[in-house]
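Hello,

Please find the structure below. My notes follow it.

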Amino acid sequence: MIIQNHMAVDCPCTSTCERHGDCAACVANHFNKGNLPFCLRDIGKKQKKERKQEKKLEKQQKKRCW
């Protein structure tokens, strides 16, 4: 993303809200709602998948120890 004067010039979001391009305000707004903005959803999905895999591995290791 290209940032100029703390604004994202090439913001991938298709929304026409007043925070468009203002990443900090957008993230704060969505975080308060309990979700992620459009541009971070892929990252959030990846992290969720990684956490799920880690829990699965931990569970498998516990079974092996018994």
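**What was found**

H30 is found in helix 1. This is a predicted model: local features need pLDDT of at least 70, side-chain atom pairs count only at pLDDT 80 or more, and totals for chains, interfaces and linings use all residues. Residues are numbered from 1 along each chain as its sequence is written, and side-chain values use heavy atoms, with hydrogens and water left out.

First, the layout. The protein chain has 2 helices and 2 strands, where helices (H or I, at least four residues) and strands (E, at least two) are DSSP runs numbered from the N terminus. Their pattern along the sequence is β-β-α-α.

Next, confidence. pLDDT is the predictor's confidence in each residue, from 0 to 100. The chain averages 81, and 85% of the residues score at least 70. Where pLDDT is low, the predicted coordinates should not be read in detail.

Back to H30. Why does H30 count as buried? Its relative accessibility is 16%, and buried means under 20% relative accessible area (1.4 Å probe, protein chains only). Buried residues make up 12% of the 66 residues in the chain. Beyond its neighbours within four places in sequence, H30 contacts (heavy atoms within 4.5 Å) N35, L36, P37 and R41.

Last, R19. R19 sits in the loop between strand 2 (7-8) and helix 1 (23-33). Not counting residues up to four places away in sequence, R19 touches A25, C26 and N29.

Best wishes

Methods
Buried means under 20% relative accessible area, exposed over 50%, partly exposed in between (1.4 Å probe, protein chains only).
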